[in-house]
Structures are given as structure tokens and as C-alpha cells.
Amino acid sequence: MKNRILQLPNDRSFFLFGARNTGKSTLIKHNVRQTEHVYIDLLDLQQEEKYLHNPHILKAEVLALPKTTRLIVIDEVQKIPALLNVVHSLIEETDKLFILTGSSARKLKRGHANLLAGRAVVRNLYPFSFLELGQAFELDEALRFGMLPRLCELKQDEEKADFLRAYAHIYLKEEVWAEHLIRKLEPFQYFLEVAAQTNGDIVNHANIAKDVGVDDKSIAQYFSILEDTLLGFHLPAFKHSFRKRLLRKPKFYFIDTGIVRSLSRTLSLPVSASTYEYGKLFEHFIVLECYKLINYFYPDYRLSYLRDQDALEIDLVVERPGKPLLMIEIKSAEEIQPKHLKPLHKVVEALGDQVEALCFARVPQALKFDSVTVYPWREGICRYLAPDAAD
């Protein structure tokens, strides 16, 4: 198993959430393999049926455990939200620790579960980062097929494409339809394709609703489902008074480039450097890497983008408590010239020392253009968002 960046608590109960196939079960099994524990897999139909009909049997089982067995793992806990009331009671009354995994917090919220009122911390697991893959990482492969752990076990391009196409069907069947998150499957299925085609764009509910054939409220609900099942996230617009004409609508990004290519039906298309599609995928990849690492290392950082009505745009803004803002432009080019950095220079002119202006690109070495530093993308990400990895 490849080492994951995410550090899990070893002395308190916690939730581990992540989209399907991000490696939650593998990580947990690896971490607890040398610890005496009980493992409850709610994907097992017999176990699901047992606890669904009588969730309180869990308390009797745990109370009967020997003192040496302090750890209980419940995999896919969102399938039976009522179990959390029992877990809550057991945490209060015993010294047992619980690890609770799931691919969606939506059903827990809908079932009025309180996530144990702070008695268990929450951690999220994402597809691999390039840091976790080390020497096995290949940029073009990541852009074409994404970073879901299962892909590392597949050798042929056809196998990878088949897996990603099946992923969308399994997600629809088991995460959305089986959990009764929507009333009609067909509009949501079409929404996934449209949302993937507009990945990384500013969200326009009205336009997407028109394409899908539903109302704006349904589109908002659909995006909420994607966020709650951790298949994607909204990147908010940067809020600052230095420009009065800043746009306020968020962008939306799926959590993996391969998932986007599968949902948008573009897996069979080549990904060639110096093309528009390559540039868009590279930007998506860098945004995802920054998003993952900020969530793993710096949960107090805030990520956004900046754009005004005059088309000045900065791909990523990182708000760091007590430090200057990071303004990051993402370029897939191997050669960067000053003319490519005009938006960053304008922002520096407006905000001065409040800003550190960076460009992450495929350049072979770092470059300095006045107040803007261009980094090879790996070096830049490690320097600012994963310093331990840089060491």
C-alpha cells in the first residue's frame, strides 16, 4: 500500500469521509492491522440487515468485548445513521474508540445525525496526490485518467477507461439512486455530463437548468449532492474591496480529472500538450493538488479564485492567517514570458505587500519577473503548500 499524506488520530474517535474508491477502507485496514479491533462492514448485506433492523444490538456487542479490544471500525456508516446514536452513547459510557467511514455525509445530515457533537473529529480522504505516488507519478497519465487509487493497479489504457466509465454508473446506482437522493435518475444523469463539460467554469444554474431540462432549484440540489458525496467542491469567488466589480459566483470542480473525462465522454480523445484541452486539464490538476494539500496540511487556509467584470482573473487565491495572500496563476506552458503575467502584476499594483504573486507552470527552473515568481509546478506546490514534503 502507498503511504497516504493524511494523518489519522490514534487516540480518539473519528469520521473518515471520502468519495467512492479513494482508498478509505484500505487506509483504515492498514492502520489497524496490528491493533485488536472489531470491523463492521455495512456493504456486507447480512451486516447491514442486522444493524438496520436492530441498531441497538451494537451496544450489547461492544459491552461484551474484552477490555483489550478498544477499537471498533464501522465502514460506510452513512447506510445506517441510527447507529450514530448508539456510538454516541458508547463513547460517553466506555473507553472504546470508533473509526467511522463513509462516502457521503448527506444521508447522515438528512437523518439528523449530529456527527457525535464533536466527540469524533472529521477527516476527508481524496484521490492520490502526486506526492503520494512519488516516482510512479506521471503528469500526462494523471491528466488523462486521474488519480483514483484503483487505477494504479491497472496497466492498460483500455482497462483504465473501462474502470472510469463504470465508476459513473456505480456512483449513480449506489450513491445516488439507492440512497433515494433524487426522484428521477435521467435528469441527474444528464446533469453530470453537463457539469463535467463546464468543470472549472463559473457556475450558472440557469444555463445548466436550461440544458438539463429542470429548474434552477433542482440544479442547486444536484450540485449539493455532488458536494455531499465528496465528488466535487465549489471554489468561491474572492471577496475584497480593492475592486468593486469582482464577480461573486463560485466555480465548481470535480475531485478528479479522470472522473471529469469519463462523465464528459472524452476519455477516448487524446490529451496533447499545447492544446486548449491540455491547459484546462493541467489547471484542474493543479487546483486539485492545492485543494488536497491545504485540506491535509492547512485546514485554516481558505481557497478561492478572483475575477472581475473586465476579465482580470487569478486562478487561485490562498488566504493564510497572518501571512500575505498567495495569488497563483496556473500555466501549462514550458516557457513563460512577462506578458503572460499581466493579471498578477495588476493585483500586486493594487495590493502591494499584502500579496505574494506566483505562477505554477511546466518551466524547468524558477524565474523572477519583477514582483512575480514563476515556479516549476512541483517546486511551487511543495514550497508553499507542503513544506514537510519539500524537506
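Helices (H or I, at least four residues) and strands (E, at least two) are DSSP runs, numbered from the N terminus. The model is predicted: local features need pLDDT of at least 70, side-chain atom pairs count only at pLDDT 80 or more, and totals for chains, interfaces and linings use all residues. Residues are numbered from 1 along each chain as its sequence is written, and side-chain values use heavy atoms, with hydrogens and water left out.

Most residues other than glycine have a negative phi. Asn21 is not a glycine, yet its phi is positive, at about 70 degrees. The residue sits in the loop between β1 (14–18) and α1 (24–32). Asn21 is partly exposed because its relative accessibility is 32%; the class lies between buried (under 20% relative accessible area) and exposed (over 50%), with a 1.4 Å probe and protein chains only. Ser274 also has a positive phi, near 75 degrees. Its loop runs between α12 (257–263) and α13 (276–297). Ser274 has a relative accessible area of 76% and is therefore exposed.

Six strands form an open sheet in the order β8-β9-β10-β11-β13-β12, with mixed pairing; two strands pair if DSSP finds at least two bridges between them. At the edges, β8 (302–307) and β12 (367–369) each pair on one side only. The twist averages 30 degrees from one strand to the next. Axes are lines fitted to C-alpha atoms, for helices over the stretch in contact, and angles run from 0 to 180 degrees between N-to-C directions. Strands β9 (residues 313–319) and β10 (residues 325–330) are antiparallel, paired over three bridges. Here Leu316 stands opposite Ile328 in β10. Helix α14 (residues 342–351) packs on the sheet and touches β9, β10, β11 (355–361), β12 and β13 (372–376). Contact means heavy atoms within 4.5 Å. The direction of α14 makes about 170 degrees with that of β11.

The structure holds 18 salt bridges, each a side-chain nitrogen of Lys or Arg within 4 Å of a carboxyl oxygen of Asp or Glu. One of them joins Lys79 and Glu48 (4.0 Å, N to O). This pair links distant parts of the chain, 31 residues apart: Lys79 is in the loop between β3 (71–75) and α4 (83–93), Glu48 in helix α2 (residues 45–53). Lys79 is buried at 16% relative accessibility, and Glu48 is buried at 18%.

Another salt bridge joins Glu141 and Lys160 (2.6 Å, N to O). Glu141 lies in helix α7 (residues 139–145) and Lys160 in helix α8 (residues 157–177), so the pair ties together parts 19 residues apart in sequence. Lys160 is buried, with a relative accessible area of 10%. Through shared partners, salt bridges join Glu141, Arg144, Asp157 and Lys160 into one network.
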